[in-house]
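Visitor: Could you take me through one part of this model up close? I'd like to hear about a helix pair, and then some ring contacts.

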Amino acid sequence: MTEPLIYRSTPPSLLPMFGRALLPKSHKPGANTEIPELQAELLGVATDTPMLSRYLNVCGFKPGSTLPMTWPHILAFPLHLKLLTDKRFPLPLLGLVHLRNTITQHRPIQTGENLDIRVTLGNQQSTERGIEFDLITEARSAGRLIWEEVSTNLFRMATAESGKPKAQPPKLETYPFSESITAPENLGRRYGQVSGDRNPIHMHALSAKGFGFPRAIAHGMWSKARALSLLEQQADWQSGPVRVSCQFKKPLFLPGTAQLNWQTASDAWDYQLLNSKGDAPHLSGRIEWL
């Protein structure tokens, strides 16, 4: 483990990191590429920032005394970007694919509460699709761990396993509850302004085409947040410690519509965001009360 980069109250500036994200790596990643366990900390960060109300609006959360479960991800984003643009990080940032995200909230975070946030790179794996690794984020209040997140990312790379036939995806289930979601054309820019994530694939159709997409696509973490904002409003939503996981599937093109589809049980809910026809998933996940 390398010595952590430490910031107090104020996160690192995003603008210089955007510039570094465009620079090519000095060495082409290969089978022997190793990701160092880099770490960064942001101490005493305020949760009630000027962007919070705009985040609530763009994701559909109701204002209240506690924060959305996904908000610490936004507070940690400058640390994520700092590590991913560090000269010791061997993979190019543009082109990384966000595969999975799991958030565990041990207790609700109060609006205005200050946090200490730590982000670590780890859990590197070689898979048939390339190199996978995790961004591991922890948030503490008064020294106590109250929130944690694991975001798994993929760098696509040809491997010996790449040529094998792909397994058929499991049959798509449909759940008894459903609600429509609208994603306008400017969603990527609105969410990018409040999250700091201005990846070109989300901003405009023209910039997305440079990466092989016919139109801009919604941020995966917007889709997860939007789903949670609706699920939390259901009458049988439970309070207390909770874990929310999801796997990102097919992109949601902008503008577009989707169907939030879910089923409930006493200790866990299953949910998925489907395309407008209801026959393909944008994401699927599970909510577990701990």
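Visitor: Is the crossing of α1 and α3 left-handed or right-handed?

Guide: The crossing of α1 and α3 is left-handed, meaning that the near helix is turned anticlockwise from the far one by less than a right angle. A quick word on the source: this is a predicted model, where local features need pLDDT of at least 70, side-chain atom pairs count only at pLDDT 80 or more, and totals for chains, interfaces and linings use all residues. Residues are numbered from 1 along each chain as its sequence is written, and side-chain values use heavy atoms, with hydrogens and water left out.

Back to the helices (DSSP runs of H or I, at least four residues; strands are runs of E, at least two, and both are numbered from the N terminus). Helix α1 covers residues 14-21 and α3 residues 71-84; they pack at about 35°, axes 10 Å apart. Those axes are lines fitted to C-alpha atoms over the stretch in contact, and angles run from 0 to 180 degrees between N-to-C directions. On the α1 side, L14, M17, F18 and R20 meet F77, P78, L81 and K82 of α3, contact being heavy atoms within 4.5 Å.

Now the rings. Phe, Tyr and Trp rings (for Trp, the six-membered one) pair if their centres lie within 6.5 Å; planes under 30 degrees apart are stacked, over 60 edge-to-face, the rest tilted. That rule gives eight aromatic pairs. With centres 5.3 Å apart and planes at 70°, W269 and W289 are edge-to-face. W269 sits in strand β10 (residues 268-275) and W289 in β11 (residues 281-289), so the pair ties together parts 20 residues apart in sequence. Ring pairs also link Y55, F61, W71 and Y191 into a cluster.
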